[in-house]
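Please view the sequence and the model first.

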Amino acid sequence: MSGPQCCSNPPALNPSGGAGHVEQLAGLSTYVSGSPDSKLAVIFVTDVFGYEAPLLRKLADKVAAAGFFVVAPDFFKGDPYIPDDANRPIRTWLQDHGPDKGFEDAKPVVEALKSKGISAIGAVGFCWGAKVVVALAKEELIQAAVLLHPSFVTVDDIKEVKAHISVLGAEIDQISPPELLKQFEEVLSAKPEVDGFVKIFPKVHHGWSVRYNVEDEEAVKHAEEAHGDLLAWFTKYLK
């Protein structure tokens, strides 16, 4: 379920990038952006490249600017996937960093946010992170979820979600192809208690929302459309 698309267009990581800063949250180094006085929080659960990816942090800042307190924890604890490491292909790396472990690490993050007085929490998962966010949505630990080009997420997962969920996928995606996302849509349409939204972006590849070429006007446009959809979802359901 994790193939070449999961690891294409790797970002040049920048530990000091972004308008926010890094602090400790629930025992994890965490990129934090936005007003700590906000009562509405969004957790970013990253793809395999982790929380130092510049375009991911740029998006976190954009969501924070809309009034949310945004946190992007380092669920890989200083060990993001490195494509050039021939001794540690993605399947080997995933043995140390399965989404189930990410979910266990995410639960204390939710509790830490609640202890700060946060009243509503959303989570967005990119690729690897989508499976973690779905697990949070199943346990009613969050009020709203957004999945971007998800990996590992199954129809059975979607059947169990209890939070309002938006799934933004790519037309050209071997990991979560449009046929699978249409199955998600069918499942969600049969769950009246949960608002579900599925959108397939034409002409884009897996990873398009945070691993795009900033000099490609069309790529930027598609990414920004996804960012707008993400923001609209959290604005609607986090109150």
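**Strand pairing and charged pairs**

Tyrosine 31 is placed opposite alanine 72 of strand β4. The model is a predicted one, in which local features need pLDDT of at least 70 and side-chain atom pairs count only at pLDDT 80 or more, while totals for chains, interfaces and linings use all residues. Residues are numbered from 1 along each chain as its sequence is written, and side-chain values use heavy atoms, with hydrogens and water left out.

- Strands here are DSSP runs (E, at least two residues), helices are runs of H or I with at least four residues, and both are numbered from the N terminus.
- Two strands pair if DSSP finds at least two bridges between them.
- Strand β2 (residues 28-33) pairs with β4 in the antiparallel sense, and 4 bridges connect β2 and β4.
- Strand β1 (residues 21-25) also runs antiparallel to β2, joined by 5 bridges.
- Leucine 25 faces leucine 28 of β2 across this pairing.
- The hairpin of β1 and β2 has 2 residues between the strands, and alanine 26 takes a positive phi near 55° there.
- Of the 6 residues in β2, 5 are buried, so the strand is mostly covered (buried means under 20% relative accessible area, exposed over 50%, partly exposed in between, with a 1.4 Å probe and protein chains only).

**Alanine 72**

- Alanine 72 belongs to strand β4 and is buried, with a relative accessible area of 1%.
- Not counting residues up to four places away in sequence, alanine 72 touches Ser29, Thr30, Tyr31, Phe44 and Tyr51, where contact means heavy atoms within 4.5 Å.
- Valine 124 is 52 residues from alanine 72 along the chain, and the C-alpha atoms of the two are separated by 9.8 Å.

**Arginine 88**

- Arginine 88 sits in the loop between β4 (69-73) and α2 (90-96).
- With a relative accessible area of 19%, arginine 88 is buried, whereas aspartate 79 is partly exposed at 22%.
- Arginine 88 and aspartate 79 form a salt bridge with closest N and O atoms 2.8 Å apart; a salt bridge is a side-chain nitrogen of Lys or Arg within 4 Å of a carboxyl oxygen of Asp or Glu.
- The side chains of arginine 88 and aspartate 79 also make a polar contact (2.8 Å), that is, a pair of N or O atoms within 3.5 Å; within protein, one must be able to donate a hydrogen and the other to accept it, and residues adjacent in sequence count only if both atoms are side-chain atoms.
- Leaving aside neighbours within four places in sequence, arginine 88 is in contact with Asp79, Tyr81, Trp93, Asp96 and His97.

**Other salt bridges**

- The structure holds 14 salt bridges.
- Lysine 199 forms a salt bridge with glutamate 225, with 2.8 Å between the closest N and O atoms.
- That pair links distant parts of the chain, 26 residues apart, with lysine 199 in strand β8 (residues 196-205) and glutamate 225 in helix α7 (residues 217-237).
- Glutamate 225 is partly exposed, at 34% relative accessible area.
- Salt bridges that share partners join Lys77, Lys101 and Asp105 into one network.
- Between lysine 101 and aspartate 105, the closest N and O atoms of the salt bridge are 3.5 Å apart.
- Lysine 101 and aspartate 105 both lie in helix α3 (residues 99-115), 4 residues apart, about one turn of the helix.
- Lysine 101 is partly exposed at 38% relative accessibility, whereas aspartate 105 is buried at 16%.
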